[in-house]
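I opened the model to look up a few residues and the packing around them. My notes follow the structure.

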Amino acid sequence: MDRLEGGDASEPITRRRLLGTAGTGTALAVAGCLGGPGSGDESAEDDDEGADAAGGNRYGEDLVDHPGDEPIAFLEGQRCPVCGMTAKNYANWYCQLAHENGKGAVFDTPGCLFAYYAYQPIESPVTAGWVTGFETRDLIDAMVAHYVLVTDEQATVDEPMGPNPRPFADREDAVAYLEEWEAEDLTEDDVIPLSEVDKEHAEIYRGNRLP
């Protein structure tokens, strides 16, 4: 699927390691947002549920209308609810999710998508999504994609918001990428579907941007 625009050698990062690497993810999120729109004072206080006293969280402030039947265009003025950056400016990384109730969110990176998915601001379930394939740079189905959990800071220094999971449409391609990635010693356990993304992954990728 074509992308849409508005007019235009460390050990494997398995679930056993996720909590141990959370602190690293926090530092990376700070370093990755250099000079981007909305990159100012947006760190939030973290709690166990990522919720405020009203039961919601700040991710709900930047929701957009989303029918969920197909990807919507990435437009100026649409802000990533996690980092505040304009998703449209990051065509090699942007992605989006749709809720059952007709609302959704667009993201500049899959790392931000992970954080949002783990800390969803509304009770309506996520029913659809699209993410930019790492190799194809086209939008693929986020709900069935396979994500390679890379986290190395130095090898991803040029990425927006720091390290990002790599989305692939086919698991075979994701597993093949493990052999290409030399910065970390990853295994097939480091390839997961979106349904397995949880708060531990959110802490790794966007530790200082949690609601």
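I started at L97 and listed its contacts (heavy atoms within 4.5 Å). Leaving out residues up to four places away in sequence, L97 touches H66, G104, A105, F107, L113, Y116, Y117, V126, A128, G129 and L194.

I noted the ground rules next. This is a predicted model, in which local features need pLDDT of at least 70 and side-chain atom pairs count only at pLDDT 80 or more, while totals for chains, interfaces and linings use all residues. Residues are numbered from 1 along each chain as its sequence is written, and side-chain values use heavy atoms, with hydrogens and water left out.

Buried here means under 20% relative accessible area, taken with a 1.4 Å probe and protein chains only. The core holds 33 residues, and V82, L97, F107, F114, Y147 and L194 touch the most other members. At least two core residues come from each of β2, β3 (103-107), α2 (110-118), β4 (126-132) and α4 (199-206). α2 gives the largest share, seven residues.

**Helix α2.** Is α2 enclosed or open? Nine of its nine residues are buried, so α2 is largely enclosed by the rest of the structure. I checked them off: P110, G111, C112, L113, F114, A115, Y116, Y117 and A118. They pack against β2, β3, β4, β6 (146-148), β7 (166-168) and α4.

**Q78.** I then moved to Q78, in the loop between β1 (64-65) and β2 (95-99). Q78 is buried, with a relative accessible area of 10%. Which backbone atom does its side chain reach at 2.8 Å? I found the backbone nitrogen of L75. A polar atom of the Q78 side chain also lies 3.4 Å from the backbone oxygen of A73. Setting aside neighbours within four places in sequence, I have Q78 in contact with V64, I72, A73, M85, T86, A87 and V106.

**Whole protein.** I count four helices and eight strands, taken as DSSP runs (helices H or I, at least four residues; strands E, at least two) numbered from the N terminus. Their order from the N terminus is α-β-β-β-α-β-β-β-β-α-β-α. Of the 211 residues, 53% are buried. The accessible surface (Shrake-Rupley, 1.4 Å probe) comes to about 9500 Å², and 45% of it belongs to carbon and sulfur atoms.

Conventions: Buried means under 20% relative accessible area, exposed over 50%, partly exposed in between (1.4 Å probe, protein chains only). A polar contact is a pair of N or O atoms within 3.5 Å; within protein, one must be able to donate a hydrogen and the other to accept it, and residues adjacent in sequence count only if both atoms are side-chain atoms. A nonpolar core is a set of buried Ala, Val, Leu, Ile, Met, Phe, Trp, Tyr and Cys residues joined through side-chain atoms within 4.5 Å.
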